[in-house]
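Q: I'd like to walk through a structure with you and learn how to read its features one at a time. Can we put it up and start?

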Amino acid sequence: EAARLGRVVSNVLGFTRLERGALHVRPESDDLAAVVRDCVDRQRPALEAAGARIDLSVADDLPAVRFDRDAVAEILQNLIDNAEKYSRSAKDRSITVSLNCRQVGREDGRFVGSGAMISVCDRGPGIPADMRRRLFRPFARGNRNDAPAGLGLGLALVKALAEAHGGNVSYEARPDGGSFFMVFLPR
């Protein structure tokens, strides 16, 4: 409960920085794989105590990207926390975190660049279609009565932090149920 309250306070403070235009990242050259592993390892005990399982997959061919360690940790913490909260009623409570290389192109097929893709996937009920267009807006919450507690700030912060890196965040519904969030960090 103390950890959950800490995340709520962190999200409120992050949202306050966002609203004031004071949300900044300080990208540095660092080991993104090590940061992702550390974040997953720190959250693993609480996830397992809650009945969830987390798996991590890290590609060998990762490009060098500049990123803010604290911002990436906050992005992952919010996405993993949501995956656990929204999959509580699922039979399969596994969460998969992946870190891969990503090539980016435009619709006309021209190559634009590359970077790293962090993805978090769960097997919960997924996000209703009517909620998806406002998914990354502050205070956007589902309208289910049994929705877990929260303020609706986590995904807005994830979006702001990804964009502050020059990247982005996206969502895809899994065909067999669940959510798939992807955060792209450019080279």
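Q: How many residues does α2 have, and how far does α2 reach from its first C-alpha to its last?
A: Before anything else, remember that this is a predicted model. To judge a helix's length, set its span against what 1.5 Å a residue would give. For α2, 18 residues reach 27 Å, close to the 26 Å expected.

Q: Where does α2 bend, and by about how much?
A: To look for a bend, follow the helix axis along and check for prolines. Here the place is Gln-43, where α2 bends by about 40°. Within the four residues that follow comes a proline, Pro-45.

Q: Which residues of α2 are buried?
A: A general point comes first: an α-helix has 3.6 residues a turn, so residues three or four places apart point the same way. Now the list for this helix: Leu-32, Ala-33, Val-35, Val-36, Cys-39, Val-40, Gln-43 and Leu-47 are buried. Gln-43, where the bend sits, is one of these buried residues.

Q: How do the axes of α2 and α3 cross, and in which hand, left or right?
A: For a helix pair, read the distance, the angle and the hand. Helix α2 covers residues 32–49 and helix α3 covers residues 69–86; their axes come within 10 Å and cross at roughly 35°. The crossing is right-handed as α2 passes α3.

Q: Which residues meet where α2 and α3 are in contact?
A: From α2 you have Leu-32, Val-35, Val-36, Cys-39, Val-40, Arg-42, Gln-43 and Leu-47. They meet Arg-69, Val-72, Ala-73, Leu-76, Gln-77, Ile-80, Asp-81 and Glu-84 of α3. Sort the residues of this contact by class and you get 10 nonpolar, 2 polar and 4 charged.

Q: How many residues of α5 are buried?
A: Burial along a helix tells you how covered it is. α5 is mostly covered, with 8 of its 11 residues buried. Those are Gly-154, Leu-155, Ala-156, Leu-157, Val-158, Ala-160, Leu-161 and Ala-162.

Q: Why does Ala-162 count as buried?
A: Burial is decided by relative accessible area, with the cut-off at under 20%. Ala-162 counts as buried because its relative accessibility is 0%. Apart from neighbours within four places in sequence, Ala-162 is in contact with Ile-75, Gly-167, Asn-168, Val-169 and Val-183. Phe-67 is 95 residues away along the chain, yet the C-alpha atoms of Ala-162 and Phe-67 are separated by 9.7 Å.

Q: Is Ser-98 buried or exposed?
A: Buried: Ser-98 has a relative accessible area of 13%. Ser-98 lies in strand β4, residues 94–105. Beyond residues up to four places away in sequence, Ser-98 touches Ser-57, Met-117, Ile-118 and Ser-119.

Q: Why does Phe-180 count as partly exposed?
A: The middle class runs between 20% and 50%. Phe-180 counts as partly exposed because its relative accessibility is 25%. Phe-180 is found in strand β7. Residues touched by Phe-180, leaving out those up to four places away in sequence, include Ser-119, Val-120, Cys-121 and Arg-174.

Q: Where is Arg-174?
A: Arg-174 sits in the loop between β6 (168–173) and β7 (179–186). Beyond its neighbours within four places in sequence, Arg-174 is in contact with Cys-121, Asp-122, Arg-123, Ser-179 and Phe-180.

Q: How many helices and strands are there in the protein chain?
A: Step back and count: 5 helices and 7 strands. From the N terminus on, the order is α-β-α-β-β-α-β-β-α-α-β-β. Of the chain's 187 residues, 43% count as buried.

Notes:
Residues numbered from 1 in each chain as written. Predicted model: local features only at pLDDT ≥ 70, side-chain atom pairs only at ≥ 80, totals over all residues. Heavy atoms only, no water. Axes fitted to C-alpha atoms, helices over the stretch in contact; angles between N-to-C directions. Helix = DSSP H or I, 4+ residues; strand = E, 2+ residues; numbered from the N terminus. Left-handed = near helix turned anticlockwise from the far one by under 90°. Contact = heavy atoms within 4.5 Å. Nonpolar A, V, L, I, M, F, W, Y, C, P; charged D, E, K, R; others polar. Expected span 1.5 Å × (residues − 1). Bend = angle between axes of the 7 residues up to and from the residue. Buried < 20%, exposed > 50% of the residue type's maximum accessible area, 1.4 Å probe, protein only.
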